[in-house]
Amino acid sequence: MHETAPLLQATNVTKKYHGEAVVKNISFETNTGQVTAILGPSGSGKSTFLRALALLEPIDGGEIRFEGQLVGQIQKRGRRVNASERQLASHRAAIGMVFQSFNLFPHMSVEQNITLALKVHRRGTTSENRHTADSILQKVGLSGFSTKFPSELSGGQQQRVAIARALALGPKIMLFDEPTSALDPELVREVLKVMESLAEQGMTMIVVTHEVGFAKNVASRAILFDRGEIVEDLPPEQFFSPGNSERTRTFLEHVL
């Protein structure tokens, strides 16, 4: 019987900076509908690994496949080389990415920020793209905000616009790099609520986070990174139980 390939798969992925490996030979895969929470101390390589999965960082070893197809690299004259920017743009189209900082264009309205990717990829008419933006804004709880500019929004609202922008191209997977860490505590909940809603709708998600409640209650899988490696990979009920590893217990004692 033919098995369906994982939606996103990393095999022996290594990433180095200045000759030092910050992601060390990691293998990982996720299937459609799975929500993975990645936790770990600062500097453990988790954000670098996420950026590699988003094809924003070229890798130094291993491979990444999306729906079974090699991405981020191509075969050329019998060897693998990094894909060109045009090829990468094509590979990234199905992968949505939300960053710690909102990265909105300050001179563009909310609607313009959301529809920019649609214009770049030449999808839809102006009217169709406006309708798409309005629909997505409703999904993230920001109906009526299309004409506002980033400077008129709170941090939580800006991050929800960033999520809306990442949803514009209809990605099959969403990657979040500590999406609430730059927010005031009272604004965190509104962003997590949107992410919980996406999970309920079946969106595949990989979330680098320090939000233990999200990892416990929303994720279907929790991973602990340490020193560029995965040291724990369990369902949340096991990850947060007394039966986990000593390294995980030590980490949780610091964050709980």
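Lysine 46 lies in helix H1 (residues 46-53), where helices are DSSP runs of H or I with at least four residues, numbered from the N terminus. This is a predicted model, so to speak with its own thresholds: local features need pLDDT of at least 70, side-chain atom pairs count only at pLDDT 80 or more, and totals for chains, interfaces and linings use all residues. Residues are numbered from 1 along each chain as its sequence is written, and side-chain values use heavy atoms, with hydrogens and water left out.

Let's stay with lysine 46 for a moment. Lysine 46 is buried, at a relative accessible area of 4%; buried means under 20%, exposed over 50% and partly exposed in between, using a 1.4 Å probe and protein chains only. A polar atom of the lysine 46 side chain sits 3.0 Å from the backbone oxygen of glycine 40. Setting aside neighbours within four places in sequence, lysine 46 is in contact with Ile38, Leu39, Gly40, Pro41, Glu178, Val208, His210 and Phe225, contact being heavy atoms within 4.5 Å.

Now to the helix pairs. Two packed helices are described by the angle between their axes and the distance between the axes. Here the axes are lines fitted to C-alpha atoms over the stretch in contact, and angles run from 0 to 180 degrees between N-to-C directions.

| Helix pair | Angle | Axis distance |
|---|---|---|
| H3 (residues 110-120) and H4 (residues 126-139) | about 120° | 9 Å |
| H5 and H6 (residues 185-200) | about 20° | 8 Å |

The angle makes H3 oblique to H4, whereas H5 is roughly parallel to H6; angles under 35 degrees count as roughly parallel, over 145 as roughly antiparallel, 65 to 115 as roughly perpendicular and the rest as oblique. The crossing of H3 and H4 is right-handed, and the crossing of H5 and H6 is right-handed too, meaning that the near helix is turned clockwise from the far one by less than a right angle.

Val110, Glu111, Asn113, Ile114, Thr115 and Leu118 are the buried residues of H3, and they pack against H4 and helix H5 (155-167). Just after H3, arginine 122 has a positive phi of about 55°.

For H5 and H6, the contact residues include Ile163 and Leu167 of H5, together with Val191 and Leu198 of H6. They divide into seven nonpolar, four polar and two charged.

Conventions
Helices (H or I, at least four residues) and strands (E, at least two) are DSSP runs, numbered from the N terminus. A polar contact is a pair of N or O atoms within 3.5 Å; within protein, one must be able to donate a hydrogen and the other to accept it, and residues adjacent in sequence count only if both atoms are side-chain atoms. Ala, Val, Leu, Ile, Met, Phe, Trp, Tyr, Cys and Pro count as nonpolar, Asp, Glu, Lys and Arg as charged, and the others, Gly among them, as polar.
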